[in-house]
Amino acid sequence: YSPVVFPLSCVVQNYSWGKVGLESEVAKLLTSGDPLVQIQPDRPYAELWMGAHPRGDAIIRDNRIPQKTLGQWIADNPACLGTKVKDTFQGHLPFLFKVLSVDTALSVQAHPNKELAAKLHAQFPEHYPDANHKPEMAIALTPFEGLCGFRPVEEIVSFLQNVPELRALIGEVAAEQLERSGSDDPRGVSAALRVCFTRLMKSEKKFFVDQLNMLVKRISREVEEGKDTSGSNGELLLRLHSQYPGDIGCFTIYFLNLVKLEPGEAMFLGANEPHAYLRGDCVECMACSDNTVRAGLTPKFIDVLTLCEMLNYTPAPSSSKIFPAVQSQLDPSIYVYDPPVPDFAIMRIEIPASIKLYLISAMDSASILLVIQGTAVGTSTAAASEMSLCRGSVLFISANESISLHLSSPDGMLLFRACCLL
């Protein structure tokens, strides 16, 4: 008999932007989940991949199971996905679940829709490794900051008037076109925004480096004089410039919303939404893809033309970027984040200290469960043996299987469960 509920050992990505050593939530989860893991104090622990992605396939921690990785196991047991999921997504787990620990900014980027993904993959397979779209959702574990979507036009216009270096890069004609565009003509606004942003992103390297240095000098001087630099978004500019000196991405802060999430708050990034995570820890779920079009705050391959063509140029306030969780009608411990795409959803499960026995209920989709806080012993007819769960534990749960949690922690539990709600 082979268990269909089992613990996973997950793959870490040590990208340079990650938090270092035990500063990182990823590293903390790793060592709580497996005390034998050696955390190197000077290495970045950026991402934990919980899923079956070929570049980070989780290892099965159950010696009764002959397959080594989750991807191999699902390929041999596709029914574990649930009937609808298996048929809709051709026998593959449709999502990748992650934890991110961000110390320095990630690149300004957007993910293509399915149509564009197929085209990019056909033309440039070395840069765009698959033909899938990549919507994603981030839920904050600690206070989290990111750039997301275009700001309301009046905010951008105000920066164009307060930041002469920005105006110089965009040029007077494009700046005035945006200033004149009226809210009664949303297509005109989007067109003007597209021209301004494209002119910024395609400006001559030497010219924008000079303007950026002038701007940084000016703001540093104003900070020394004790002046308020918020009209030039001074604090964020200096921070990004110290991380990526001379990078065009520093100027995108004048176009994109700064979104701040408190723990439990989420942002959803649909196709073509420009974004860049800046700092903090989050859980993230996405469609299973690696397609990213980048244009700044990065040493990686940059594709400015594609990015400027594909973006969604609809301005909106930063408050509109926070994606709401809905408390479950059936179980008050569950908050569901169900984005407008079929590939994935996330549940936040907060079990209060007063509850000593809790049922992780069966659903018609495979799911991955991550423990952030608390300890319990899990029993399931499908696991055939007890599983001890603590901070950092990750479980794969086949469709239509449930788990009883016998809680042993005095302060309840916090869990996240990624699944597919077709």
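A residue is exposed when its relative accessible area is over 50%, buried when under 20%, and partly exposed in between. Keep that in mind on this tour of a predicted model.

Stop 1: Select Arg180. At 63% relative accessibility, Arg180 is exposed. Glu176 is partly exposed, with a relative accessible area of 33%.

**Stop 2: helix 6 to helix 7.** Select Arg167 and Glu179. Their side chains meet in a salt bridge, 2.8 Å from N to O. This pair links distant parts of the chain: Arg167 lies in helix 6 (residues 164-170) and Glu179 in helix 7 (residues 172-180), 12 residues apart. Arg167 is buried at 16%, while Glu179 is partly exposed at 27%.

**Stop 3: Arg348 and Glu350.** Show both side chains. They form a salt bridge, 2.8 Å from N to O. Arg348 is buried, at 12% relative accessible area. Glu350 is partly exposed, at 37%. Next, select Glu145, Arg239 and Arg279: salt bridges with shared partners join them into one network. The structure's salt bridge count is 17.

Stop 4: Cys288 is partly exposed, at 22%. Finish at Cys390. Cys390 is in no disulfide, and the nearest cysteine sulfur, that of Cys10, is 13 Å away. Cys390 is partly exposed, at 23%.

Definitions and conventions:
Residues are numbered from 1 along each chain as its sequence is written. This is a predicted model: local features need pLDDT of at least 70, side-chain atom pairs count only at pLDDT 80 or more; totals for chains, interfaces and linings use all residues. Side-chain values use heavy atoms; hydrogens and water are left out. Buried means under 20% relative accessible area, exposed over 50%, partly exposed in between (1.4 Å probe, protein chains only). A disulfide is a pair of cysteine sulfur atoms within 2.5 Å. A salt bridge is a side-chain nitrogen of Lys or Arg within 4 Å of a carboxyl oxygen of Asp or Glu. Helices (H or I, at least four residues) and strands (E, at least two) are DSSP runs, numbered from the N terminus.
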